[in-house]
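Dear colleague,

I am handing over to you the structure shown below. Please look through it before reading the notes that come after it.

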Amino acid sequence: MLGLILRRLLQLPVIILVIYTITLTLSWAIPGNPLEKPEGRQPSAEVIEAMKRQYKLDSFPAFYTSYLKSATGIDYLNDTLSGKRARDREQAEAVGVAAPTTYVFNLGPSLQYNDWNVNEIVSDALPVSVVLGLTAILIALVIGITAGVVGAVKPNSAADFATLMVALIGISLPSFVVGTMLLLLFAVIFPIFPVGGWGTLSGLVLPATTLSLPFAAYIARLTRMGMIDALSADYIRTARAKGLGEMTVLLKHALKNAFLPVLSYLGPATAYAMTGSFVIEKVFSIPGLGQHFVNGVLNKDLFLIMGVVLIFATMLVLFNLAVDVLYRWVDPRIS
Amino acid sequence: MLKLIVPFVLLFAAIFAVVASDQPDPPADFTFINRGDVTTLDPQRMSWMQDLRVARLLFEPLVRLDVMTTDYQIVPGVAERWEVSEDFKEYTFHLRQDAKWSNGEPVTAQQFVYSWKRALLPETAADYTALFQIIDGAKDFFEWRSEQTRQYSIRARNLTTEEKRIESQKLWDEASAYFDENVALRAVDDHTLTMSLDASTPYWLDLCSFIVFAPVYEPLVSQYEQIDPDTGMVRLQLGWTKPPLMISNGPFVLENWRFKRGLFLRSNPQWWAKDTLDIETIAIPSVEDSNSQVLAFESGAVQWVSDVNADYRIQMLADKQAFYDENREQYEKLKAEGLDQFAIDAALPDDPRKNVHALSAFGTYWYNFNCKPTLADGRENPFHDARVRRAFAMCIDKQRICDDVMRIGTPVARNMFPPGAIAGYTSPKGLKCISDANTPAEKQAIIDEAKALLKEAGYPNPAEMPRIELLFNSDGGHGLVAQQLAKDWEEFLGVRTFLAQKEIKVYKDDLKKQNFMTGRAGWFADYADPTTFLDLNRTGDGNNDRAYSSPVYDGLLDQAKAETDPEKRMALLTEAERIIMEEDLPLVPLYYYVNIYLFDPDEITGISNHPRLQQDLFNIDVLGDGKGRDEIKHIRNKDLN
């Protein structure tokens, strides 16, 4: 187990570097000028030229290395060793103001949101996305496993068809429809939950539920299949023969095996729930990370694209590692 | 099984902890949804309407426009009085003694010089730097500085780190000296600011009221400016625009600003006119989805939606019309009394249908024609010929686009900007188009005239013309207009058309590089002078995507610039607009924009219905909340004053 963890952690920098290179090459190739706005007033040619020089947007190799240096903390290390940071701090103290914040891993400024840098954007948005994604997965697990078990106990019964139908709807209906309907129903007609925004538990219910539905549907189908398989296995007959209660047989013996495919689905599902919430973020006005993937690309905001991709890639690697560890812990047959 | 539940229970606890530690803002006196997310609160660097709107609450320029008057009267801001020379070239402002920053320090003339100088540095990337270049010597300074840093960045490659540090500082000192010597902007003393302009500019006061001309607090902002030793440019560090650091001089101060969540503002106890405020706090939550914006209003979470874009706004406006029809008699009576549209709504019976408001806006939706002889890929461009542009412009049923496609009451446009929006200016008649025809015979006459123009231009058979490409961006519902336009040209002229729908960045890039035949565009006015639109067609203007170049047109604009008599100046500008709208047609206007607000006129007062859409939200009063005067604020007409 320890070997696995160590091996994966050593692979991490290589994976990140590959992702960085590919993403930057693709983003660089997006047509258009990142310094231009989609609408309205455009900066003059002199301004664009000056900005390109300042951000090193005039040369791919220069941008590639300078961003890599600042994002990996090499710049910070250099500044600390050369005494530049100490000098800046002294200067600021001398006039009595706080020195501008410096970041170890500096992901750069956002080209579209002039007053924000990518570090601030990510540190604001990441917890939101993580919480929303995890809550959605928790809801999906509860709904999905319940529905799957109910369906598997009596296959082809009315209850089974009902759960399958709900699952089908959950997968098919786009989230902007479900989200807007839930909003209309539970925020406007019956004002139980707030219309949108972030910061309260009640504000989490509607968006997390909307986000969870497709996952719940998939988990329900996985569980149902796994349970039907498991329930026809010999060890279940043995369990029943030795007189165990039906609940014990179902939950302790059958579900334990039926859950394994669900567990391996959880890794990618959680990752997707954390970043694929673009629509839900818009409908419920949630300040999450998903929108920055889309907006970053649309605006060719290079720093933002690279920042969120690097952070997310790191998370994804660590996340898959966690699921692998969990898998081995639950199922000793895998080594 | 227990083994599995443990990690999930832990997860749930973590989620709960994160959410519980995240406190939302308290409820505010007035809550509204802005046009979009605020991108910057640095006055010199902003150009988005949503940024400008918030900055107007936080900062105060020399003068202000009274948005609650129909003619946007100039009223004192930081300056309590001012003198203007007869030729509109010399301006002197006298700053009030009681103008203070939110930390209690006085606002001085030197801070204005510092702020305007920032706007004139190329590295500040101020979108409106051209407006500041009206000051005598400013344009020269801007160009000189661009060249200075460009040369330095080449030279700097061979310098050591220490040399760069010294050299770049020297560069900045030189630039400062150059500015002081050559730019005609002076702080005579702490409270007197003078400037001379390079041309007669009767609308300079209007510009000075524009929030990008507001001052910033030098002792704070200068700490965030560092000279980059590699490029020699001033590099702006982020951070000073965010609370608690932000120091401003306007009616409100910024108490909280969280990215993509919203802003929270509180009245500024240091503001000299604080007694006029009727509310104390303003919240601006970030709600992006257009349906959610309406739902937020209906649930009572917000009191004003400043730009309603939900598809069903067409139905909302139809309902409003039905409401007016039901109350026709009373409506006409109130209108005859001279009440403005919001006061009329407030006086009519209580009804949720009356909460939606359509306002004509000072902006135009149009299609650009590429005026270059060849397209970017070398193909021949039929629109190079003004006769072809005129023929195509005539063969558009603009009324049908407004009535059947837009359906929100946008007026048909015959000019580059709405007639009557600028005092003292007479718009030209504009070119006739299909929707001017009242009978089939008249319609046929227009089509025949257009075909004759095409024949003259060398296209006797329009069906054999190169395929006409219409460029538009995929978002924002421009496709329907493009389809209708293509249909008109196919129907009336018999040409072949092609819809080139592109993603916004590509679309923008194509426009910039003249990689299009005809493409959709539009513009909103920045200030109350025809040049805010007409300058776009000057040869070489940064926003001249049409690559239109006419010595006659440029000459008229130059003449107008040199003219010191305001009346003659306006006449020259009318002639310039006539040339592009009746003869040369580098663009064909389709309709004037309409903006849709959502607020309850019985609850909110102090919102202006002026077409320039500027709102000074410190005028807001929430009726019946027990704070402030709690009475309807009327938009004052010049004649009624």
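This is a predicted model: local features need pLDDT of at least 70, side-chain atom pairs count only at pLDDT 80 or more; totals for chains, interfaces and linings use all residues.

Residues are numbered from 1 along each chain as its sequence is written, and chains are lettered from A and ligands numbered from 1 in the order in which they are written.

**Confidence.** The model has an ipTM of 0.84 and a pTM of 0.90.

**Chain B as a whole.** Chain B holds 20 helices and 20 strands; these are DSSP runs numbered from the N terminus, with H or I over at least four residues for helices and E over at least two for strands. Its radius of gyration is 27 Å, close to the 26 Å that the globule rule gives for 641 residues, so chain B is as compact as a globular protein of that length. The radius is taken over C-alpha atoms, and the rule is 2.2 Å times the number of residues to the power 0.38. Along the principal axes, the C-alpha atoms of chain B fill a box of roughly 75 × 70 × 65 Å. Buried residues make up 46% of the 641 residues in chain B; a residue is buried if 20 or more other C-beta atoms, placed from the backbone, lie within 10 Å of its own, exposed if 12 or fewer, and partly exposed in between.

**The sheet of 10 strands.** An open sheet in chain B has the strand order 10-11-12-1-13-18-14-17-15-16, with mixed pairing; two strands pair if DSSP finds at least two bridges between them. Its edge strands are strand 10 (252–258) and strand 16 (497–502) of chain B. Strand 15 (residues 468–473) and strand 16 of chain B run parallel and are joined by six bridges, and Leu471(B) stands opposite Ala500(B) in strand 16.

**The sheet of four strands.** A further open sheet of chain B has the order 4-5-7-6, with antiparallel pairing. Strand 4 (79–84) and strand 6 of chain B are at the edges with a single partner strand each, so one side of each is left without a neighbour in the sheet. Strand 6 (residues 185–189) is joined to strand 7 (residues 192–196) of chain B by four bridges, and a hairpin connects these strands of chain B through two residues. Within this pair, Arg186(B) has Thr194(B) as its bridge partner. Strand 7 of chain B also runs antiparallel to strand 5 (residues 90–95), with five bridges, and there Phe93(B) is partnered with Leu193(B).

**Contact between the chains.** Chain A and chain B each bring 64 residues to the contact, where two residues are in contact if their C-beta atoms, placed from the backbone, lie within 7 Å. Helix 6 of chain A gives the most to the side of chain A that touches chain B, with eight residues. The residues on that side of chain A divide into 37 nonpolar, 16 polar and 11 charged; Ala, Val, Leu, Ile, Met, Phe, Trp, Tyr, Cys and Pro count as nonpolar, Asp, Glu, Lys and Arg as charged, and the others, Gly among them, as polar.

With kind regards
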